[in-house]
Amino acid sequence: MSGAHRPWTRDALDSALVEQGHGGRALVVVPAWNEAEALPAVLVELSSKIPGVDVLVVDDGSTDGTADLVRRSGTASVVSLPFNVGVGGAMRAGFLYAERNGYRAVVQCDADGQHDPADIARLLAELDAGLDVVIGARFAGVGTYQVGGFRRIAMKFLASSLSRITGTRLTDVTSGFRASSARAVAVFAREYPPEYLGDTIESLVVARRAGLSIGQLPVELRERQGGTPSQSSFKSVIYLGRAVLVLGLAVLHRGAGKDDA
Ligand SMILES: Nc1nc2c(ncn2[C@@H]2O[C@H](COP(=O)(O)OP(=O)(O)O)[C@@H](O)[C@H]2O)c(=O)[nH]1
Ligand SMILES: [Mg+2]
């Protein structure tokens with residue numbers, strides 16, 4: 001299918017509500033921006049490690065043939081956004097697609113090979129155990145992934161703030177490897193932060209406010225298997241700083257996490 005012909009208007013969102021299906025399947029959503037180099041191996045690995053799983057690649061205005069290679073692979077569907085909207089906007093399209101097509105869960109998985117598809121079944125098992133949002137988390141005793149300097153301090157601050165807000169211990173709130181229950185999909189199809197890193201960090205505040213239960217599962221993060229990171233490390237430091245500021249203010253104003261109490 002092509003998302004290029006369907007603008008993400010309020011009408012489209014409302015009709016998605018009406019059309020909610022009742023499928024029992026999970027959908028793996030892969031946000032992808034110019035990932036022609038690494039994505040083919042990811043698609044192969046997804047279908048070999050979780051045979052029969054449905055995969056949707058949200059191609060976000062790529063100029064390197066990402067969408068075409070997905071179509072040629074025959075193992076995944078693709079939504080091609082006409083211009084780049086960022087991971088948050090792309091995931092929102094993915095959640096809406098999942099809702100419209102009656103999936104009971106969404107797993108977000110990177111296109112660059114950093115997330116091991118073998119962990120997906122474990123993430124889904126956590127949903128079956130009753131969680132609405134499960135984060136595949138680094139720094140939780142598994143794996144050796146290292147981050148240094150300011151990023152490390154900022155990520156620790158964000159993890160401890162969000163642990164307080166959500167009432168559960170979270171070690172890696174910027175992880176994009178996560179599973180969402182049908183309840184969470186319904187929330188995220190309507191409200192998902194579009195800003196860089198907002199999709200990971202602020203979405204947890206959105207989830208908490210909607211009364212969703214949140215938890216994590218320790219995973220090992222691999223190195224990117226090809227292509228280049230979408231953001232420079234300088235930019236990620238700027239955005240982490242911004243997230244610290246926003247979240248610090250939210251905590252100060254005591255708004256987050258208390259609305260649904
Ligand atoms: N749809 C979409 N995906 C993106 C965008 N930027 C990055 N991604 C995807 O998001 C995932 C993580 O991006 P990456 O650059 O590896 O970030 P990092 O892992 O945090 O360094 C990959 O699958 C990227 O292709 C974007 O603007 N739109
Ligand atoms: Mg990556």
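Predicted model: local features only at pLDDT ≥ 70, side-chain atom pairs only at ≥ 80, totals over all residues.
Residues are numbered from 1 along each chain as its sequence is written, and chains are lettered from A and ligands numbered from 1 in the order in which they are written.

The protein chain has nine helices and seven strands, where helices (H or I, at least four residues) and strands (E, at least two) are DSSP runs numbered from the N terminus. Of its 261 residues, 45% count as buried, a residue being buried if 20 or more other C-beta atoms, placed from the backbone, lie within 10 Å of its own. Among contacts between residues at least 6 apart in sequence, 78% join residues at least 24 apart, and a contact here requires C-beta atoms, placed from the backbone, within 7 Å.

Turning to ligand 1, there are 18 residues around it, of which Pro31, Asp60, Ala90, Ala111 and Ser230 come nearest; a residue counts as near if its C-beta atom, placed from the backbone, lies within 6 Å. Two or more shell residues come from each of β1 (26–32), β2 (54–60) and α4 (86–100), and α4 has the largest share, with three.

Next, helix α2 (residues 39–49) packs on helix α3 (residues 66–73) at an angle of about 30°, with the axes 10 Å apart. The two helices are therefore roughly parallel to each other, a description that applies to angles under 35 degrees. Leu39, Pro40 and Leu43 of α2 make the contact with Thr66, Leu69 and Ser73 of α3, and these residues divide into four nonpolar, two polar and no charged.

Finally, which residues of α8 are buried? They are Glu202, Ser203, Leu204, Val205, Ala207 and Arg208, and because six of the eight residues of this helix (202–209) are buried, α8 is largely enclosed by the rest of the structure. Those buried residues pack against β5 (133–137), α6 (149–166), α7 (182–188), β7 (214–218) and α9 (233–252). Just after α8, Gly211 takes a positive phi of about 80°.

Terms used:
Axes fitted to C-alpha atoms, helices over the stretch in contact; angles between N-to-C directions. Parallel < 35°, antiparallel > 145°, perpendicular 65-115°, else oblique. Contact = placed C-beta atoms within 7 Å. Nonpolar A, V, L, I, M, F, W, Y, C, P; charged D, E, K, R; others polar. Buried ≥ 20, exposed ≤ 12 C-beta atoms within 10 Å, placed from the backbone.
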